There are 2 protein chains.
Amino acid sequence: MAKEITNRSENYSQWYNDIVRKAQLAEHSAVRGCMVIKPTGFAIWEKMQSQLDKMFKETGHINAYFPLFIPKSFLSKEAEHVEGFAKECAVVTHHRLMNNPDGPGVVVDPSAKLEEELIVRPTSETIIWNTYKDWIKSYRDLPILINQWANVVRWEMRTRPFLRTAEFLWQEGHTAHSTKAEAIEEAQKMHEVYARFAEDYMAMPVIKGAKSANERFAGALETYTIEALMQDGKALQAGTSHFLGQNFAKAFDVKYLDNNNKEQFVWATSWGVSTRLIGALVMTHSDDEGLVLPPKLAPLQVVIVPIPKPNGEIMEHAERIAAQLKEKGISVKIDTDKKNRPGFKFAEYEMKGVPVRLGIGKRDIENNQIEVARRDTKTKENVSMDGIAEHVANLLDDMQRGLFEKALAHRNEHITPVDNYDQFKEVLENKGGFISAHWDGTTETELKIKDDTKATLRCIPDDEEGEGTCIVTGKPSKQRVIFAKAY
Amino acid sequence: MAKEITNRSENYSQWYNDIVRKAQLAEHSAVRGCMVIKPTGFAIWEKMQSQLDKMFKETGHINAYFPLFIPKSFLSKEAEHVEGFAKECAVVTHHRLMNNPDGPGVVVDPSAKLEEELIVRPTSETIIWNTYKDWIKSYRDLPILINQWANVVRWEMRTRPFLRTAEFLWQEGHTAHSTKAEAIEEAQKMHEVYARFAEDYMAMPVIKGAKSANERFAGALETYTIEALMQDGKALQAGTSHFLGQNFAKAFDVKYLDNNNKEQFVWATSWGVSTRLIGALVMTHSDDEGLVLPPKLAPLQVVIVPIPKPNGEIMEHAERIAAQLKEKGISVKIDTDKKNRPGFKFAEYEMKGVPVRLGIGKRDIENNQIEVARRDTKTKENVSMDGIAEHVANLLDDMQRGLFEKALAHRNEHITPVDNYDQFKEVLENKGGFISAHWDGTTETELKIKDDTKATLRCIPDDEEGEGTCIVTGKPSKQRVIFAKAY
């Protein structure tokens, strides 16, 4: 099977598409730009959801659900917001079909035209702040710390599975606060939660920072982002958390009485990650043989393959070992298929990214040992059957750590500081990756760089210090910022 | 607070709306017919989801995700299906807004008209069977056992929170099989799973049976249903599982090669339950003081109220007891509010349906006891602090059982066998509930009864035996069937 995957060095983009298809993560649907998330892909999303949901609840958030549709007039209430989303909206105009009077099939019933068109939510700030208006009267009603798991639609013209699709799944947190400081603290806290999730669960190192004004979310005063680097040297924005100021409170007239009985506008944040993370996960770890998954997000962590085929004695050992692994909270499957040969199965599980493969044959049983193959390094070793569960548990921890370290080393090798524009262009062209450069802080310069080179300003990193001069204009710069070509 | 709830005896419908509003389960949104599911309501849905998802996976199903949109032409491919859904569809016709050339705001961009309109899924058989076409080649690809958690839209003209809304959340299972027998077995298995969930988790007794041809899902050969009885004597269809025969396989040309290398059409099922179950839960158990929840689905099972206020010594005991309860897997919250008085808090927790309330005051500590109040019976008792966790765990089990038994007794008292049409009308008018009657099996008679009385044929129960004669036509009847007025 693996032969059907294009090598990364040959065509990275095709390699990605091959992995998504061959590991059965997703496929195009009959609806333009919308994907079908197949069971294997969805199982990864379930693992992500479950962990993120836990982290959101641990930080005091609760879930709720708001309507799929947004009245058209709501979008217009926040000027920048409508500017950002109006051009890629799915618009519902009618609520009924009728038999085609002129032939077979059904047509839109012209008498069922909506008075006001409805937009399929591209994001939910407007409908949620219209709701919060009724929920918030006094400072005692604050903060509101709500998250929603939902589907959203943005009518993108060029789509790729997970990375950019017309419909995608995500979570969107929407919080309301009585003070500016508290709202900023919230936005930063969730920024931190996203970074922790990316690094500790996805094993994907990220640079934490703020977006430039030009790259901010439509309606935000500040957008915090986590930026990851893919194996081809392109950046991927993996999660954003927005400090929205009082923009939406003003647009929807949401005020509270403070403890001096004075009316104040409410402060807001929103934050989200999406099924895009599955694309990021694929592109961070996978190789020319297929998917590589960090054990913490692998729907299946261990597969046991009886060699050459499942039979009585081998199955007894396999089942005993499976029970020991389950005891330790490790997910495991025994391959009981009798049709395919071990070599075929090995390639298949490599393709699907199962972290650990255990092979048991007759001779292994005689020797009281088992063959342990790890997906990430593709190394094998014979391990005593005694204490095998302990061994595998440690191995999974090792792999989780190892994948992060490998990705971190790659990422660090690809953060290149440059001190002039020629160098910037040269690195971008030949090495790729993140480029760390001084910038004068203007949108004008940022856009010039984008026009010249297609590199965008990924973020103004949190942990950079030291002044300098802009590589383009020579004007003063407060700190180095990160540029890259991006997904 | 409780005073603000209308009594059931006065106006059952208003009572339901009051509970939904005062217990903060849901509210109307700015979008016609769409509700906002508030955190308390959503937490109940999360409990339901989590248990159902477990039961689906235990029966071999996996989750996936299919597009929100369905091309209009897909709907027309199965004749009955389009007939059933065409009249209540949200139709997407455009993919862009533009600035209003004649004034403020945005308008639909006429140049962004879709070539083919998209329907927001009212159910996903068509888009899924169009996808299965590519997944199924041989008998080796079968069965496919997939479930999807999703939002769907049916443009209902008269809506009520949870019971009937334009958008609702649900799960829809869509399975594909090589034989008719296997598909029927699957549909019946999920019917059984739904009945088990309703009775063991919702504490809501249900009658299991098949729908009449007239009440079947649009496109099904057989619809299995679970029917529950609400406190006002009206029935509520709580979950359906459909044997779809080869209708969708034929509509979308989905064939497989059997093991004789012969092409066969694939057999299908689909099955779903929705956020409607939250409405059913409310109407099965709640009372004039507010929500009553079965402990297995209560987001919060126990609240500890320090009396009169949280202070050092009382809080120490409260925290110790909370830790003991958590140890047993019981969810618990200590009320640390210092503003409101215990009486106010008691009414509030009754309203919200927290199953068990523990009160601890100074004297209780001196007596090494704690006041235990149960929500369902509104009884209180003083219990020794030693072994309190054990006591509460048993109490929760008792309540779960007690709620089911109470609902079962009410339901059984309201299944009335009748032997002629006058009696049928008299019982329907004065007693309500399920009416068990002989019926000649024709849609004509079924519709006559509906026109005459507004009662619908709820189901042909699985466990009824004995022939008779139809109460309307006097023609032969194979068994008694169940009629009722329904939500």
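This is a predicted model: local features need pLDDT of at least 70, side-chain atom pairs count only at pLDDT 80 or more; totals for chains, interfaces and linings use all residues.

Residues are numbered from 1 along each chain as its sequence is written, while chains are lettered from A and ligands numbered from 1 in the order in which they are written.

Six strands form an open sheet, in the order β4(A)-β8(A)-β5(A)-β5(B)-β8(B)-β4(B). The pairing is antiparallel. Strands are DSSP runs of E with at least two residues, helices runs of H or I with at least four, numbered from the N terminus. Two strands pair if DSSP finds at least two bridges between them. β4 (69-71) of chain A and β4 (69-71) of chain B are the edge strands, each pairing on one side only. Neighbouring strands are turned by 45 degrees against each other on average, direction ignored. Axes are lines fitted to C-alpha atoms, for helices over the stretch in contact; angles run from 0 to 180 degrees between N-to-C directions.

The other sheet is open, with eleven strands of chain B ordered β3-β9-β10-β16-β13-β12-β11-β24-β27-β23-β22. Its pairing is mixed. β3 (62-63) and β22 (415-417) of chain B stand at the edges with a single partner strand each, so one side of each has no neighbour in the sheet. Helix α5 (residues 125-135) of chain B packs on this sheet, touching β9 (144-153), β10 (167-177) and β16 (267-274) of chain B. Contact means C-beta atoms, placed from the backbone, within 7 Å. The helix direction makes about 30 degrees with that of β10(B).

| Strand | Partner strand | Bridges |
|---|---|---|
| β5(B), residues 91-94 | β8(B), residues 113-120 | three bridges |
| β23(B), residues 434-438 | β27(B), residues 480-484 | four bridges |

Val91(B) has Ile119(B) as its bridge partner in β8(B). For Ser436(B), the partner in β27(B) is Ile482(B).

Technical notes. Two residues are in contact if their C-beta atoms, placed from the backbone, lie within 7 Å.
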